[in-house]
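The paragraphs below begin with confidence and then turn to charged and aromatic pairs.

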Amino acid sequence: MSTRPDVRFGVLGPVRMWHGERPVAMGSPQQTVVLSVLLLRDGQPATTAELTSAIWDDEPPRAATSTIRTYVSRLRRALEGSTAEINTIGDGYALRVPDTSVDVTLFHHRTARARDLLHGGDAAGAVAVLDEALRLWRGPALAGLAGRFADAQRTRLEEARLAADELRLAALLDAYPNQHPAVVPDLTAMVDAYPLREGPRLLLMRALSGSGRQADALAVYRDGRTRLHDDLGLEPGPALRRLHEQILRGEPTSSSDHRAPISGPTRLPRDLPDFTGRDAELAEIRAGLLDGAGFVGIAGLDGLGRTATAVHAAHLLRDRYAGGQLYADIGTSPDLADILGGWLLAYDVPRADLPASVEGRLAALHHATAGRPLLIVLDNVDDPAPLEPLLHTRPAGGLVITSRRRLTSVPAAWITLAGLRLDDSVRLLERIAGARRVATDLDAAHRLARLAAGWPLPLRLLAGRLRDRSMWSIAAIATQLERELHNVTGVLHDECVAAEAPLTRAYHRLPPTQARALRLAGTIEQGEFTTQDLAALLALPDAATWSAIDPLVELGLVDETGTPHRYCLHPIIRAFARRLAHEVEGTAGVAAARDRLAALRAGADLAALESALSPTR
């Protein structure tokens with residue numbers, strides 16, 4: 001007895017429907033789009049608005065709703081007497097059809113079955129199942145249909161087809177090592193068609209190496225590395241690097257770990273080769289991405305290593321995100337449509353086929369990742385509002401954003417960066433200046449690290465000075481730094497200006513009262529100060545002073561000590577603020593502010609100070 005379904009549908013090629021062996025006329029292209037939307041929803045309803053957008057993009061006719069009803073009515077008549085039916089659900093429709101009736105559903109089921117077989121060690125079985133899955137394709141998906149919906153779906157389904165083909169070739173290499181030479185032509189064509197995809201290149205290197213062509217395999221690696229470097233400024237991923245090292249060592253490369261090849265693009269900035277420390281923060285990021293909601297925020301001042309930490313974490317987790325790893329610096333390119341367009345080009349979506357709208361490009365990104373987990377890094381996010389469509393409807397996977405302050409409207413697991421630990425600070429000095437150089441005076445190196453208070457940017461600048469000034473002792477450089485930290489009027493060394501550049505940018509973004517609060521806080525010599533101390537300096541009421549200092553805490557310019565209304569400043573921020581106080585307030589203004597603080601600490605009443613004194617600025 002035949003188990004062939006009484007009705008069948010095909011979208012992996014021109015859209016088709018059959019009753020038994022009899023083809024059914026599809027009607028107009030618009031009616032075919034309605035059927036395609038319902039088929040690709042896998043039984044979930046599509047609203048009238050969604051169908052309207054799929055059929056006519058942004059130019060629907062006045063009678064769009066009634067026209068859609070007509071299309072649905074005709075499709076229902078075509079389905080009469082079969083096991084498929086279209087149900088009305090709210091303001092939309094859902095197509096109920098057996099899974100075995102739709103080619104794309106069969107394709108996904110067979111691909112998933114092949115992955116299970118590979119994980120179970122049955123590579124030959126996986127090859128057979130994937131051959132069946134790929135034979136379902138009759139040409140480009142939704143062939144002949146126009147519009148953004150069809151374009152986005154074609155992109156998604158083509159990505160799934162390519163991933164299945166990669167998986168088939170990987171399984172073939174595992175199951176039949178003696179057939180490696182026969183697979184080389186197919187893999188060469190795939191690498192030529194998608195030169196920046198690492199999965200096909202990795203498989204071609206395996207096939208060449210397994211055919212005794214190690215030199216050719218190494219040439220494929222060099223070509224890929226050059227392309228990645230020249231086109232994207234990137235290095236090959238860990239899987240390619242590992243295989244390259246195996247070939248160089250003469251180790252066997254004929255077996256894989258039975259995972260699908262990494263197919264998604266990697267568009268991360270280069271990882272710092274001397275990245276140091278942040279073990280606790282990296283553990284939090286990993287937990288938030290892999291064990292939590294998959295959404296992590298990293299806050300901290302410029303110069304503390306926000307971007308470096310986010311990028312390093314993303315590189316460490318590359319193998320967990322087979323859908324790709326994408327990056328955007330929102331500070332330099334805030335337009336979401338442009339960002340999405342650049343990402344889609346990385347998935348080999350032709351520029352001419354990019355959807356015009358943000359929503360269309362988001363849908364295309366979902367389809368390009370084909371359900372595989374994707375990692376996105378959004379750097380330097382000051383205002384999340386323009387990114388809301390992506391934040392709310394991002395593809396499955398992980399999202400890391402960095403910002404100068406915690407964004408309360410963004411539901412991420414937030415991590416605020418402070419300075420590096422002392423041992424990590426010294427280790428960073430060693431990695432840049434050389435362990436032998438630092439070992440010449442380890443005590444002075446510790447003093448230097450304490451003066452920088454763990455701030456990576458000045459540590460890097462100091463390490464560069466150590467490396468390039470071999471005739472200078474570490475103690476002399478530490479003494480020079482200490483002198484410049486207390487310098488309020490002299491000319492700064494170029495490296496100090498560079499170290500303070502992030503502070504200068506942050507300072508110029510502050511409102512006047514907050515800027516003045518920061519300046520005068522820098523005149524306090526003691527390690528800690530209270531809200532009342534700063535109120536005396538500012539000659540402002542306690543409440544107004546708190547309103548000025550709390551945003552500085554949020555920005556990381558002022559640190560809380562753990563006791564309410566008690567604060568401290570990083571040594572470099574204190575030096576920066578104190579210098580500005582003398583420049584802006586003048587010597588007399590600084591002296592007057594200190595006199596008010598001295599009077600408060602001597603027992604004067606703050607309210608009396610407020611009434612007797614007025615702000616100098």
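**Confidence and side-chain pairing**

In this predicted model, confidence in the chain reaches its lowest mean, 55, in helix H27 (residues 606-612), and its highest, 94, in strand E9 (residues 374-379). Two stretches have a pLDDT below 50: residues 257-262, which have 17 contacts in the model beyond near neighbours in sequence, and residues 612-617, for which the corresponding count is 15. Where pLDDT is low, the predicted coordinates should not be read in detail. Over the chain the average pLDDT is 83, and 91% of the residues score at least 70.

With that caution in place, the charged side chains can be considered. Side chains of opposite charge can pair when their charged atoms come close. A search of the whole structure finds 24 salt bridges, and one of them joins Arg161 to Glu158, with the closest N and O atoms 2.5 Å apart. Because Arg161 and Glu158 are 3 residues apart in helix H6 (residues 148-175), about one helical turn separates them; Glu158 counts as partly exposed, given its relative accessibility of 28%.

A salt bridge between Arg519 and Glu585, whose closest N and O atoms are 2.7 Å apart, links distant parts of the chain, since Arg519 belongs to helix H22 (residues 512-521) while Glu585 lies in the loop between helix H25 (571-584) and helix H26 (586-601), 66 residues apart. Arg519 has a relative accessibility of 7% and therefore counts as buried, and Glu585, at 6%, counts as buried too.

Arg306 and Asp302 are both buried, and they form a salt bridge in which the closest N and O atoms are 2.9 Å apart. These two residues also belong to a network of salt bridges that links Asp302, Arg306, Asp382, Arg404 and Arg505.

The aromatic side chains come next, with a count of 3 aromatic pairs. The ring centres of Phe107 and Trp137 are 5.8 Å apart and their planes stand at 80 degrees, so this pair is edge-to-face. It connects distant parts of the chain, with Phe107 in helix H4 (residues 103-119) and Trp137 in the loop between helix H5 (123-135) and H6, 30 residues apart. Phe107 is buried at 1% relative accessibility, as is Trp137 at 13%. Tyr507 and Phe576 form another edge-to-face pair, at 6.1 Å centre to centre and 80 degrees between the planes; here helix H21 (residues 494-508) contributes Tyr507 and helix H25 contributes Phe576, 69 residues apart, and both residues are buried.

Finally, charge and ring meet where the charged end of Arg197 sits over the ring of Tyr194, 5.5 Å from its centre, and where Arg394 lies over the face of Phe295, at 5.5 Å from the ring centre.

Note on methods. Residues numbered from 1 in each chain as written. Heavy atoms only, no water. Salt bridge = Lys/Arg side-chain N within 4 Å of Asp/Glu carboxyl O. Helix = DSSP H or I, 4+ residues; strand = E, 2+ residues; numbered from the N terminus. Buried < 20%, exposed > 50% of the residue type's maximum accessible area, 1.4 Å probe, protein only. pLDDT = per-residue confidence, 0-100. Contact = heavy atoms within 4.5 Å. Phe/Tyr/Trp six-rings, centres within 6.5 Å; stacked < 30°, edge-to-face > 60°. Lys NZ or Arg CZ within 6 Å of the ring centre and 35° of its normal.
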